[in-house]
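Please examine the sequence and the structure shown below.

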Amino acid sequence: MTERKIRVLIAKPGLDGHDRGAKVIARALRDAGMEVIYTGLRQTPEMIASAAAEEDVDVIGLSILSGAHNTLCPQLMHLLHDKGMDDVTVLVGGIIPEADIPALKQAGISEIFLPGTSTQDIVRFIHKRLAPAH
Amino acid sequence: MSDPLDAKAHAGPRKPSARERGWQQNTLEPALRKSPERQTEFTTTSSYPIRRLYTEADLAAAEASRDPGFPGEPPYTRGIHPTMYRTRLWTMRQFAGFGTAEDTNQRFRYLLAHGQTGLSTAFDLPTLMGYDSDHPLAAGEVGKCGVAISSLADMEVLFDQIPLADVTTSMTINSPAAVIWAMYLAVAEKQGADWKKISGTLQNDILKEYIAQKEYIYPPEPSMRLVIDTFEFGMKHTPKFNVISISGYHIREAGSTAIQELAFTLRDGMEYVEWALGRGLPVDEFAPQLSFFFNAHNDFFEEIAKYRAARRIWSRAMTERYKAVSPRSWALRFHTQTAGCSLTAQQPTNNVVRTAIQALAGVLGGTQSLHTNSLDEAWALPTEFAATIALRTQQIIAHETGVTNTVDPLGGSYFVETLTSEVEQGAWDYIRRIDAMGGMVAAIEKSYPQREIAEASYRYQMAVDKKEKIIVGVNEYVTPEKPIELLQIDETVARRQAARLRKLRAERSSAKVDRALGGLQKAARGKENLMPYIYEAVKVYATLGEICEAMRAVFGAYEEVAVT
């Protein structure tokens, strides 16, 4: 049985250009043996959903620091659903007030990683989450 | 181009005195045998190595530092004024902006009423990217990270009852800086303020956008043209206005080291000077209007050394590279902001302490103005409560600590003088490397600074993950906690902004707008200074989005090669 590498799309939705976190996570996941595709800046939810489908990823990691998460995350989840991609694990990292977390999880976001999270915690989460499939 | 430090760029061998060697043998070595040090290596926040003890042997080895000189005289290591804060305190300038122009106008008036001495405007992301609030890409972002400004009508509300003749205003805007500045000048004119006397700062630093913050619109060439247009316009019409704030802040926030922040920022400054000279502007006519902006991060002495080295490098570059003859061109004036990226979401009240220490570094480093972050900014824009503590922090440093009583209190310290020289030499090494690439625009196109920063930022994160660097409340001393109260941005902001734009577009003369935008586009295709055309368009209430779009049609849009 050939082991397929876990495929991750790291995406920066919205107008924000603060990409330090996205780039650090992309590199940490790559160093942990995952296949990582970074979208670059200013991706609309449509662009992210298409890239995720094209690249056949297991995980989408969204980096959002601008406060636009309540608008952007549900939009992406709808698009993924429409494409039959409900099995893709969607993670959000960034500045997310705790009060907004229940609604984001309700919308289908698997986990939200707040500032100060160790990259190794994210690696562990992904491995655990995808364990049965891989 | 040769630079002044070529011959003495690297520190010579350290030659401890006989007394120092005696101390090592008789006192140090027995002590180390009895109790070894906590770590084998001590480094700054930027992972720069720090020695156990600094003595006159270090000063002698770091040639450049032997004479720190006097304040108010080149190379300004000890400060740009002979009396510094004994004559005038730094400007306490808290960056603020959220929601609509009305919301931010209220916060401005609150801050002025509480003793703040200058204003500083934060714009929201659509404004920073040159989009009107009703643009589809603005969805979810209007008024979130700053105030939404789509036209002169918004700007008039933003500065309502704030006399621009008396209050200095800083505006953090880059790609659309010329447009926002034109709006500001139009408000000043309406208030009857004399352009020759108004003062403030336009950030207008596009190079650090490509390097770090990434809020760019056009490719580097036309962007640089717009910057030099504002230099030329400012030279003629607003001699007291800082037409640019050459910013290391965002470079540091993106994860650079202190030396990278210093080097890339000053090389950006040199790039602007070279482009302005290329336009034929006389150096001593525009250079006094250039200002700088640095980060104040956690490592106290590394930051102080950085500010002192910055003044020394700039003074030497202006005199020796660019042959400026006016002392006003030599002196590097700078704003400081405490490091947003150092704030923790965990145990947020600890951020008050971090900010106070960082602010003190800025003051001991000789800053001209200062922004102190609020304790809740790892979560959101600050509440009024948190913003007030941040301002009070500066007032306590200014009035209670006594650090303002003498000029450059750390001058002559073996450690500070040596570190100043080492940081300076590290920065010159980078500057020479960028010179060899053909300058900063060329280096950016090769992704050189972007890659250096990404490397440094990854190294730092790994050090934190491995607990080689301790962040209190994050990877050590962790305790369970409850969420704090945050500023909520009213979700009706976008709707109110959209309604105001609809009304504006219905009421203004579309013939005048079309004529102004057409004139701007025609000029953009040629070589003329675009400021007068932008000013005309702003005055007839063309929107920010329309003006930026008109130029985008001529200049094109920039796409970066993402470095990970």
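Which residue of β2(A) does V8(A) stand opposite? V8(A) stands opposite V36(A). This is a predicted model, in which local features need pLDDT of at least 70, side-chain atom pairs count only at pLDDT 80 or more, and totals for chains, interfaces and linings use all residues. Residues are numbered from 1 along each chain as its sequence is written, while chains are lettered from A and ligands numbered from 1 in the order in which they are written.

**The sheet of chain A**

Helices (H or I, at least four residues) and strands (E, at least two) are DSSP runs, numbered from the N terminus. Two strands pair if DSSP finds at least two bridges between them. In chain A, 5 strands form an open sheet with parallel pairing, in the order β2-β1-β3-β4-β5. β2 and β5 (111-113) of chain A stand at the edges with a single partner strand each, so one side of each is left without a neighbour in the sheet. Neighbouring strands of this sheet are turned by 20 degrees against each other on average, direction ignored; axes are lines fitted to C-alpha atoms, for helices over the stretch in contact, and angles run from 0 to 180 degrees between N-to-C directions.

Contact means that the C-beta atoms of two residues, placed from the backbone, lie within 7 Å.

| Helix | Strands touched | Angle between directions |
|---|---|---|
| α1(A) | β1, β2, β3 (59-64) and β4 (89-94) of chain A | about 160 degrees with β2(A) |
| α2 (residues 45-55) of chain A | β1, β2 and β3 of chain A | about 160 degrees with β1(A) |

**Strands β1 and β2**

Strand β1 (residues 7-11) of chain A pairs with β2(A) in the parallel sense over 4 bridges. The bridge partner of L9(A) in β2(A) is I37(A).

**The side that touches chain B**

In the model, 29 residues of chain A are in contact with 32 residues of chain B. On the side of chain A that touches chain B, α1, α3 (69-82) and α5 (119-129) of chain A each supply at least two residues. α1(A) gives the most to this side, with 5 residues. By class, this side of chain A has 12 nonpolar, 11 polar and 6 charged residues; Ala, Val, Leu, Ile, Met, Phe, Trp, Tyr, Cys and Pro count as nonpolar, Asp, Glu, Lys and Arg as charged, and the others, Gly among them, as polar.

**Confidence**

The model scores ipTM 0.93 and pTM 0.95. pLDDT is the predictor's confidence in each residue, from 0 to 100. Chain B has a mean pLDDT of 95, and 97% of its residues reach 70 or more.
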